[in-house]
Amino acid sequence: MADRTDNLTSGNLLGIPETLLPDDFVDVQVTEELTDGEPRDIAARHPESPMVWATLAQDALTDGDEVAAYAYARTGYHRGLDALRQAGWRGQGPIPASHAPNRGFLRALAMLGETSRRLGDDAEADRVTAFLREADPSLLG
């Protein structure tokens, strides 16, 4: 009964278990490398990392290149989906940001929504917002 109560209070009404990427997922290492490294070099070494693609998306937005930002964000999103599926995710349910290895995927997803909205693809941006809300409602405030 405690699990059901926890699911109700967290907004997970269907009781679908959380998906947690492995503690040794590449984004843990990549997050450390990004503190001092060049994101493009890190992407070349770790193309499977959603975090590095999300970082490249943010950098491209900062540089005013919304199209490149979208491409980077979409790459990170898809690499994250691959990792989530390998971790047992079945297309729905919580992906909590409180679990550090999940943050790269969630950041790439958020960047996909931001870049979609900037490019005028409001339908895509709305789908991303709904996905973020299902994954971790705390991300949307």
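Colleague: How do α6 and α7 pack, and at what angle?

Modeller: In this predicted model, α6 and α7 pack at an angle of about 155°, with their axes 7 Å apart. Angles over 145 degrees count as roughly antiparallel, so α6 and α7 are roughly antiparallel to each other.

Colleague: Is the crossing of α6 and α7 left-handed or right-handed?

Modeller: The crossing of these two helices, α6 and α7, is left-handed.

Colleague: Which residues in α6 and α7 meet?

Modeller: On the α6 side you'll find Phe 105, Leu 106, Leu 109, Ala 110, Leu 112, Gly 113, Ser 116 and Arg 117. In α7 they meet Asp 122, Glu 124, Ala 125, Asp 126, Val 128, Thr 129, Phe 131, Leu 132 and Ala 135. Sorted by class, the contact of α6 with α7 has 10 nonpolar, 3 polar and 4 charged residues.

Colleague: Let's pick out Leu 112. Where does it lie?

Modeller: Leu 112 lies in helix α6, which covers residues 103–118.

Colleague: And does Leu 112 count as buried or exposed?

Modeller: Leu 112 counts as buried, because its relative accessibility is 0%.

Colleague: Which residues does Leu 112 touch, not counting those up to four places away in sequence?

Modeller: Leaving those sequence neighbours out, Leu 112 touches Tyr 70, Ala 73, Arg 74, Tyr 77, Glu 124 and Val 128.

Colleague: What separation do the C-alpha atoms of Leu 112 and Ala 135 have?

Modeller: They are separated by 15 Å, and Leu 112 and Ala 135 are 23 residues apart along the chain.

Colleague: New topic: the rings. How many aromatic pairs are there?

Modeller: The count comes to 5 aromatic pairs. One of them is Tyr 77 with Phe 105: the ring centres are 6.1 Å apart and the planes are at 25°, so the pair is stacked.

Colleague: Which parts does that pair of Tyr 77 and Phe 105 tie together?

Modeller: Tyr 77 lies in helix α5 (residues 66–86) and Phe 105 in helix α6, so the pair ties together parts that are 28 residues apart in sequence. Tyr 77 is buried, with a relative accessible area of 15%, and Phe 105 is buried too, at 0%.

Colleague: What about the rings of Phe 105 and Phe 131?

Modeller: Their centres are 5.8 Å apart and their planes are at 55°, so the pair of Phe 105 and Phe 131 is tilted. Phe 131 lies in helix α7 (residues 122–135) and Phe 105 in helix α6, so this pair links parts that are 26 residues apart in sequence. Phe 131 counts as buried, at 17% relative accessibility.

Colleague: Which residues form the aromatic cluster?

Modeller: Tyr 77, Trp 89, Phe 105 and Phe 131 form one aromatic cluster.

Colleague: Over to α4 and α5, then. At what angle do they pack?

Modeller: Helix α4 (residues 50–62) and α5 pack at an angle of about 165°, with their axes 8 Å apart. They are therefore roughly antiparallel to each other, and α4 passes α5 in a left-handed crossing.

Colleague: Which residues make the contact there?

Modeller: From α4 there are Pro 50, Trp 53, Leu 56, Ala 57, Ala 60 and Leu 61. From α5 come residues including Glu 66, Ala 69, Tyr 72, Ala 73, Gly 76 and Arg 79. By class, the contact of α4 with α5 has 10 nonpolar, 3 polar and 2 charged residues.

Definitions and conventions:
Residues numbered from 1 in each chain as written. Predicted model: local features only at pLDDT ≥ 70, side-chain atom pairs only at ≥ 80, totals over all residues. Heavy atoms only, no water. Helix = DSSP H or I, 4+ residues; strand = E, 2+ residues; numbered from the N terminus. Buried < 20%, exposed > 50% of the residue type's maximum accessible area, 1.4 Å probe, protein only. Contact = heavy atoms within 4.5 Å. Phe/Tyr/Trp six-rings, centres within 6.5 Å; stacked < 30°, edge-to-face > 60°. Axes fitted to C-alpha atoms, helices over the stretch in contact; angles between N-to-C directions. Parallel < 35°, antiparallel > 145°, perpendicular 65-115°, else oblique. Left-handed = near helix turned anticlockwise from the far one by under 90°. Nonpolar A, V, L, I, M, F, W, Y, C, P; charged D, E, K, R; others polar.
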